[in-house]
2 protein chains.
Amino acid sequence: MKTLELDTPVLLIDSDALDRNIARMKDMTAAAGVTYRPHAKTHKSAVIAAKQIDAGAVGVCCAKLGEAEVMAAAGIDNILITTAVIGESKIFRLLHALNSVRIAVVADNEDNINMLGRMAQLAGQQLDVIVEVDIGQGRCGVPAGPEAARLAQIIDALPNLNFAGIQGYQGKIQMVEDADMRKADTETGLDKFAATLAEVEKTGLSVPVKTGGGTGTSPFDMERGLLTELQTGSYVFMDSRYGGIGWPGANAPPFEQSLHILTGVVSKPAPDRVIVDAGLKSASSDHGPPVIADVDGRTYEFGGDEHGIIRMTDGGEVPWNVGDKLRLVPSHCDTTVNLYDQYMVVQGDEVIDVWQIDTRGRVQ
Amino acid sequence: MKTLELDTPVLLIDSDALDRNIARMKDMTAAAGVTYRPHAKTHKSAVIAAKQIDAGAVGVCCAKLGEAEVMAAAGIDNILITTAVIGESKIFRLLHALNSVRIAVVADNEDNINMLGRMAQLAGQQLDVIVEVDIGQGRCGVPAGPEAARLAQIIDALPNLNFAGIQGYQGKIQMVEDADMRKADTETGLDKFAATLAEVEKTGLSVPVKTGGGTGTSPFDMERGLLTELQTGSYVFMDSRYGGIGWPGANAPPFEQSLHILTGVVSKPAPDRVIVDAGLKSASSDHGPPVIADVDGRTYEFGGDEHGIIRMTDGGEVPWNVGDKLRLVPSHCDTTVNLYDQYMVVQGDEVIDVWQIDTRGRVQ
């Protein structure tokens, strides 16, 4: 089947570009001698997770327990859940999933750690727990410094929990456009990470895993050499925001846009605009509107839940007609992927495969 | 099961509030003597569509063919697809769905109409087609005036198409906060609708269906009496934006907030903030952040894909702890619903049912 024969809107993966992105991250981390654990919240696909592990990733990150359950059921081993698992119901689910694959979880709260310890003991299981530290994001995590050491000792003292390491992640600096500024922000965060690490090591505990980082900070994380596991996610797909950031020694990141929305023209009410069938339910808006791929001089604006409006930037006639199809670059890959059930995998103009978006909507 | 025992984040419907909203729209339209066809793009649920039809709705609207297919398979009869169905593949799907239930479709393009006619003839089916007119939205639809009459005649001349009426809808005025301004905008649009109607009627064609309107404009649409079918959608759930609009003769719309996101506190890194487990993948952001239900003095801000950050507006200590659960009011019901697979239906503190969000993600 040809790509242009697909019903729209539909999410496309360029198979070759995806494979090149995965290979590049493998080469970069291998050259830097750092382990990586890609974040599967971006692609939500067990097929892509398996490709990343085949390319040397130690395992994957999942944002939520519900994602980890689905990945575990699909046979993806060695998962880090990067948000805390709170309450008896979810901890029970976690321990159940732990029967089939290795799963570690982060924590930043003493009561939560004690509940994890009690329930793991009741279940007769051993659970790896990583202490989350706030290195600048202002979201979850204990403050950088001695509090992490206190929690690490509590974890270490509980017979069914293993203190496995420290997580410190800053999502908000990943897309700072200027590479030098992003490097400075990365260093500031990693300084806090290092200070926290020193506090934990003072207690005599070893810290096997130091995990964090993302696609944007990855060159600086690798240069510093502090983190043992990079949580890069977006590099597999990229998006218009990530595509616009600077990169040390280059004009652009070394990853290609492999994800597109194919949308169809449903109306041309006047020569100066066409209406396409991808709106707020087909393209996420949290990082702005998607961008038209391949050609300049056209702008997309959201036209409601089910429509987009495309105009020429010079106000002239739009060179598309009803029935034509065109590709959009998402502004935010993670939240756009979460709107779809499937990827259509394409090579050139041919559709070669269909992959499920296995963990779409798994927010619990 | 108690509502507070549910894993979070989860979408809740207050069953009693939903039923009251449905009853109020029934009463309002009955008093005005107008037919209504609620827009099922809001709730995406065959159960709720059936409740609306039980309450006197003539049928439902669907935004996309894919929604109509699912509703038809669930036994919902008499569907209007409010966007054009473009291309052979989709028209084939439309004609297939037409085997089981009545479906009408809108059109604004001559080539599309001719393709609908040819394919309906090949299939030996009769298809109702409604001409879409732009009455101010600036999106799809022919300009108000004689072009609609030309398309109506083309439809009428094709043996397997029936010219069924005119659609004119303005989404962008539905949430104009000031009721007088919204009324004026409604009148301006309906004037264009009436002028178009006159052009079509001049050709000798009758216009059985005049469809449009939404929850925000519904009191003015009913007062004017031009539309024969109101496409109100959001009244079943409401959201923080709709809840804030004025209403003629009252301070607020006569519909209650029946939809909430139940979210859980996953971290309290400092007394002045808690982090909850609902972020961009659990609450849509296109109309801004969700609002905390029931209590004032707290603000929610998005903290990324999987987190929200809640602070007191006065900077004081937040009265929640890790493990607590609280309700959020979505800022936009349609796009928030589209993130979930299920509604948990609650009555008081009890979960009484689970309804599937049948047409979630059906954007094709």
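This is a predicted model: local features need pLDDT of at least 70, side-chain atom pairs count only at pLDDT 80 or more; totals for chains, interfaces and linings use all residues.
Figure 1. The cut-off for an exposed residue is 12 or fewer. Asp294(B) sits in the loop between β13 (291-292) and β14 (298-302) of chain B. Its phi is near 75°. That is a positive value in a residue other than glycine.

**Figure 2. Met238(A) in a loop of chain A.** Met238(A) occupies the loop between β10 (229-230) and α9 (240-243) of chain A. Phi is positive here too, at about 65°, although Met238(A) is not a glycine. Is Met238(A) buried or exposed? Met238(A) counts as buried, because 25 C-beta neighbours fall inside 10 Å. The cut-off for a buried residue is 20 or more.

Figure 3. In chain A, Thr8(A) and Pro9(A) are joined by a cis peptide bond. Its omega is about -10°. Pro9(A) belongs to the segment before β1 (10-14) of chain A. In chain B, a cis peptide bond links Thr8(B) to Pro9(B), with omega of about -10°. Pro9(B) is placed in the segment before β1 (10-14) of chain B.

**Figure 4. Lys26(B) on helix α1.** Lys26(B) is part of helix α1 (residues 15-32) of chain B. It counts as partly exposed, because it has 16 C-beta neighbours inside 10 Å. Which residues does Lys26(B) contact, leaving aside its neighbours within four places in sequence? They are Ala55(B) and Gly56(B). For scale, take Ala72(B), 46 residues from Lys26(B) along the chain. The C-alpha atoms of these two residues are separated by 23 Å.

**Figure 5. Val129(A) in the largest nonpolar core.** The largest nonpolar core holds 193 residues. Met71(A), Val129(A), Met71(B) and Val129(B) touch the most other members. In soluble globular proteins, nonpolar side chains tend to be buried together.

**Figure 6. The interface between chain A and chain B.** In the contact, 50 residues of chain B meet 50 residues of chain A. On the chain B side, the elements that give two or more residues are α4 (88-97), α5 (110-123), β11 (259-270) and α10 (333-337). β11(B) gives the most, with 4 residues. By class, this side of chain B has 16 nonpolar, 20 polar and 14 charged residues.

**Figure 7. The domain contact within chain A.** Chain A is divided into domain 1 (3-9 + 254-356) and domain 2 (15-239). Their C-alpha centres lie 33 Å apart. Domain 1 of chain A brings 21 residues to the contact, and domain 2 of chain A brings 19 residues. On the domain 1 side, α10 (333-337), β17 (342-347) and β18 (350-356) of chain A give two or more residues. The largest share of that side, 4 residues, comes from β17(A). By class, the domain 1 side has 12 nonpolar, 7 polar and 2 charged residues.

Terms used: Residues are numbered from 1 along each chain as its sequence is written. Chains are lettered from A and ligands numbered from 1 in the order in which they are written. A nonpolar core is a set of buried Ala, Val, Leu, Ile, Met, Phe, Trp, Tyr and Cys residues joined through C-beta atoms within 7 Å. Two residues are in contact if their C-beta atoms, placed from the backbone, lie within 7 Å. Ala, Val, Leu, Ile, Met, Phe, Trp, Tyr, Cys and Pro count as nonpolar, Asp, Glu, Lys and Arg as charged, and the others, Gly among them, as polar. Domain bounds come from an automatic or database domain assignment.
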